[in-house]
Amino acid sequence: MLSSREESRGSGAPSGLVSVVRLPQSWFILCSSRELSNKPLARTLQGQPLVLFRNEAGKPAALVDRCPHRNVPLSMGRVVAGQLQCGYHGWRFDGSGQCRAIPGLIGEPGAKSRCASWHATREQDGFVWVYSTPGVEPTNEPYRFPLLDAHGYSTVRRTLRANGSLHSTLENTLDVPHTAFLHGGLFRTEKKRNEIEVVVRRGADRVEAEYIGEPRPEGLVGKLLAPGGGVVQHFDRFLLPSIAQVEYRIGDDSHLLVTSAMTPVDDWDTLVYAVVTFRMPLPHWLVKPFLTPVALHIFQQDARILARQTETIRRFGSETYASTEVDVLGPLILRLLRQAEREKVATSVEVQETRLKMQV
C-alpha cells in the first residue's frame with residue numbers, strides 16, 4: 001500500500017493525497033486549432049486561469065487570465081490588431097504579456113509592473129499546446145501524434161472530460177483488469193480467462209506493458225478488429241507528462257492506435273484529447289460510424305467510475321491504494337509523475353524490463 005502524504009492541494013481538496021500532482025515544465029493541450037479564432041478563449045491549466053488568443057501573425061498566445069491593472073479577467077476583452085485588450089480600461093497586451101497601450105496615458109506604457117504573465121505556446125497536429133511554467137522559453141517540444149498522415153490509416157478525434165485526477169485517469173486508460181467487468185461484453189468478458197505473459201519496460205520518462213499471447217477478445221470491439229480471429233499484439237504506454245497510448249495489432253490488416261493527451265484542468269478535473277488512428281480489413285467509411293459510439297460508450301462507463309472514485313476520496317478525505325502485480329502500470333505512472341513534479345526526471349536511457357503472468 002502506498003503511504004499517504006499530509007498535504008493540501010487547494011480549496012476543498014482532501015488531505016493525505018497520493019495521486020494529485022502539479023507538473024512544471026510540461027506541455028499540455030488547451031484547445032484544438034479550430035476552437036481558437038479571433039476571440040479570447042478562457043481555459044484553466046492545473047488550477048491556473050489562462051486566456052488564449054491569436055496575435056497579428058495568427059499564432060497562438062497564452063496569458064494569465066488577469067489584468068495586472070485591476071484584476072479583471074482578460075478573457076472578457078477582445079483582440080485588437082493581434083493584441084489582447086482588457087474590457088475594463090482598454091489596456092492592451094501582446095503575446096509576451098508586454099503592455100503595449102494604455103488609453104489616456106501620455107508616455108510609454110511598458111513598465112514591468114504593468115505586464116501580464118505569459119506562457120509559451122505551440123500549434124501542431126491541429127492542437128494548441130501551452131507550457132505549464134510561465135515566463136520561460138521551453139527546452140523541449142510537445143508530443144507529436146503518430147500515423148496522422150500514414151497511408152491507409154484513418155483518424156477520429158474526440159475531446160472528453162473526466163472527474164478524476166490526472167493519475168487516476170491515466171491509470172484507468174491503461175488498466176487491463178477492469179475491462180472484463182466495467183466493459184464486459186464490449187471487449188473482454190469475465191467468463192473466459194486466458195493466461196498471458198506481460199513484459200513491463202521502464203525508461204526515464206515512460207513505461208510500457210506488452211501483453212503476449214492473448215487470443216482475439218470475444219467482445220464487439222475484438223470482432224471488429226479481426227473478424228477472422230487471431231492473436232493480439234497489445235501494448236499500453238505512458239509517456240511523460242500525460243500521454244496514454246493503447247495499441248492493438250491483429251494480423252497484418254488490423255492496427256488500432258489510441259493516443260490520449262490528458263490535460264489536468266484542476267486536481268480532480270481532466271480533459272482527454274483522444275486521437276484514434278486505425279487500419280482495418282473493413283471499409284473505413286463503414287467502421288467510423290460504429291467505432292465512435294462504441295468508444296464513447298466505453299469512455300462514459302470509465303467517466304462514471306472515475307467520478308464515483310473521486311466522490312469517495314473526497315468523502316473520506318484521503319486515498320488508499322492496495323496494489324498487486326496485475327496493477328501493471330498505475331504505481332509506475334505515479335512514480336514518474338511524482339519525479340516530474342519534483343523536477344527530478346531520470347536522465348538514464350537504460351530500459352529496465354520485468355515479466356509476469358496474468359489472466360485476462
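At what angle do helix H1 and helix H5 pack, and how far apart are their axes?

**Entry 1: the helix pair.** I am working from a predicted model. I looked up helix H1, residues 166–173, and helix H5, residues 330–341, and found that they pack at an angle of about 145° with their axes 9 Å apart. I noted the crossing of H1 and H5 as right-handed. I then listed the residues that meet: H1 brings Leu166, His167, Leu170 and Glu171, and H5 brings Gly330, Ile333, Leu334 and Leu337. I sorted the residues of this contact into five nonpolar, two polar and one charged.

**Entry 2: a sheet.** I turned to an open sheet of three strands and wrote down its order as E1-E11-E10, with antiparallel pairing. I have strand E1 (27–32) and strand E10 (121–124) as the edge strands, each pairing on one side only. I noted that neighbouring strands of this sheet are turned by 30° against each other on average, direction ignored. Between E1 and strand E11, residues 127–131, I found five bridges, and the two strands run antiparallel. I looked up Cys31 and found Val128 in E11 as its bridge partner.

**Entry 3: His255.** I placed His255 in strand E17, residues 254–266. Is His255 buried or exposed? I recorded it as buried because its relative accessible area is 2%, and the cut-off for buried is under 20%. I found a polar contact of 2.7 Å between the side chains of His255 and Glu247. Not counting residues up to four places away in sequence, I listed Leu147, Tyr153, Glu247, Tyr248, Arg249, Thr277, Phe278 and Arg279 as touching His255.

Note on methods
Residues numbered from 1 in each chain as written. Predicted model: local features only at pLDDT ≥ 70, side-chain atom pairs only at ≥ 80, totals over all residues. Heavy atoms only, no water. Pairing = 2+ DSSP bridges. Helix = DSSP H or I, 4+ residues; strand = E, 2+ residues; numbered from the N terminus. Axes fitted to C-alpha atoms, helices over the stretch in contact; angles between N-to-C directions. Buried < 20%, exposed > 50% of the residue type's maximum accessible area, 1.4 Å probe, protein only. Polar contact = N/O pair within 3.5 Å; in protein donor to acceptor, adjacent residues only side chain to side chain. Contact = heavy atoms within 4.5 Å. Left-handed = near helix turned anticlockwise from the far one by under 90°. Nonpolar A, V, L, I, M, F, W, Y, C, P; charged D, E, K, R; others polar.
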